[in-house]
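Here is a short tour of a few helices and strands. Please keep the structure open beside the text as you read.

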Amino acid sequence: MSFPITRHRRLRGSAGIRGMVRETMLHVLDFVQPIFVTYGTGVKTEISSMPGVYHFSLDTLKEEVDEIVELGIPAVLLFGIPETKDAVGSSGFDENGIVQEATRLIKKWYPELLVIADTCLCEFTDHGHCGMVHTHTVDGVVHGDVLNDPSLELLTRTAVSQAKAGADIIAPSNMMDGYVAAIRAGLDEAGFEHLPIMAYSVKYASAFYGPFREAADSAPQFGDRKTYQMDPANLREAIREAESDVLEGADMLMVKPALAYLDVIRTIRDNFDLPLVAYNVSGEYSMVKAAAQQGWIDEKRIVLEMLTGMKRAGADIIITYFSKDAARWLRD
Ligand code: PBG
């Protein structure tokens, strides 16, 4: 008896042919590795909810950066944990702040490694919000309103100080109204017309940021970020957010988180032609690590499948805490 051999089977039958007809290919050049830098000396502390991710002080940072460069990862995204916090987040725009110092060091060690600066104040404010707030107490409960325009001024100062320190890309993650235009104007005025802005255009108010807030010590002390981050239920609003960032001068767009928002990535890809970034956030990382530690999943296959899904959905660049792991697995 003979069975018809279908075209599908002919195309999937050998590993060689499967490779030739593969539509989506992950590459180490797609990845951005986030790094958390902190004050002090001799610090390399694992973030308990993010196994394999550490806080580094400036004197232990080199080892991590060496590894990233050796693996061929083209870019890092810097987050800073400062020694002191205040109401306006002044350590965020201090010329000698932790992110600025780390940027100068990395660019000295490896001029070709791209440094992306996260431009936000939530790690630097004592209340944990992304800008300036006005607080008032009602029946013993603290309420706060984020002050949009004064915050823009501080965020612009932050971006300019990061640019002066040598950052290659400015990535404002605060979602204030008009933030891209304000930062663009500030950068241009300071002589950084050439520096691109990677806008966190489509950023949802998500529970997936939980472990990051431990890592960056940036959980809001009152209220939440719902007034400036998006409702996870909304897709059309994502197009409006991206559109306004494009009009304000964004050079790259971002969707964040990634895994539960692949339709959003696809929609933004289909509606805009700017490079698109997917942020595979902390909670997405921790879930996989936790299950892998239990032996419940095959970590390598799960991670590569997830990252491939993000790329297939339309992402050009993926910010992921798995960058080093994925780079190693792709090399094997
Ligand atoms: C804001 C910022 C956050 C993340 C990246 N930039 C926190 C937030 O919006 O609350 C989250 C990233 C992650 O969860 O991995 N500076």
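Predicted model: local features only at pLDDT ≥ 70, side-chain atom pairs only at ≥ 80, totals over all residues.

## Helix α4

Now look at what α4 hides. Its buried residues are Ile98, Val99, Gln100, Ala102, Thr103, Ile106 and Lys107. These buried residues pack against strands β1, β4 (75–81) and β5 (114–119), and against helices α3 (61–70) and α5 (148–165).

Strand β12 spans residues 317–320 and is covered on both faces. Ile317 and Ile319 are buried on one side, while Ile318 and Thr320 are buried on the other. In a regular strand, side chains alternate between the two faces of the sheet.

Two strands pair with β12. Strand β1 (residues 31–38) runs parallel to β12 and is joined to it by 2 bridges, with Phe31 partnering Ile318. Strand β11 (residues 276–280) also pairs with β12 in the parallel sense, over 4 bridges; here Ala278 stands opposite Ile318.

## Thr267 in helix α9

Is Thr267 buried or exposed? Thr267, which lies in helix α9 (residues 262–271), counts as buried because its relative accessibility is 17%, and the cut-off for buried is under 20%. Leaving aside neighbours within four places in sequence, Thr267 is in contact with Leu235 and Ile239.

How values were computed
Residues numbered from 1 in each chain as written. Heavy atoms only, no water. Buried < 20%, exposed > 50% of the residue type's maximum accessible area, 1.4 Å probe, protein only. Contact = heavy atoms within 4.5 Å. Pairing = 2+ DSSP bridges.
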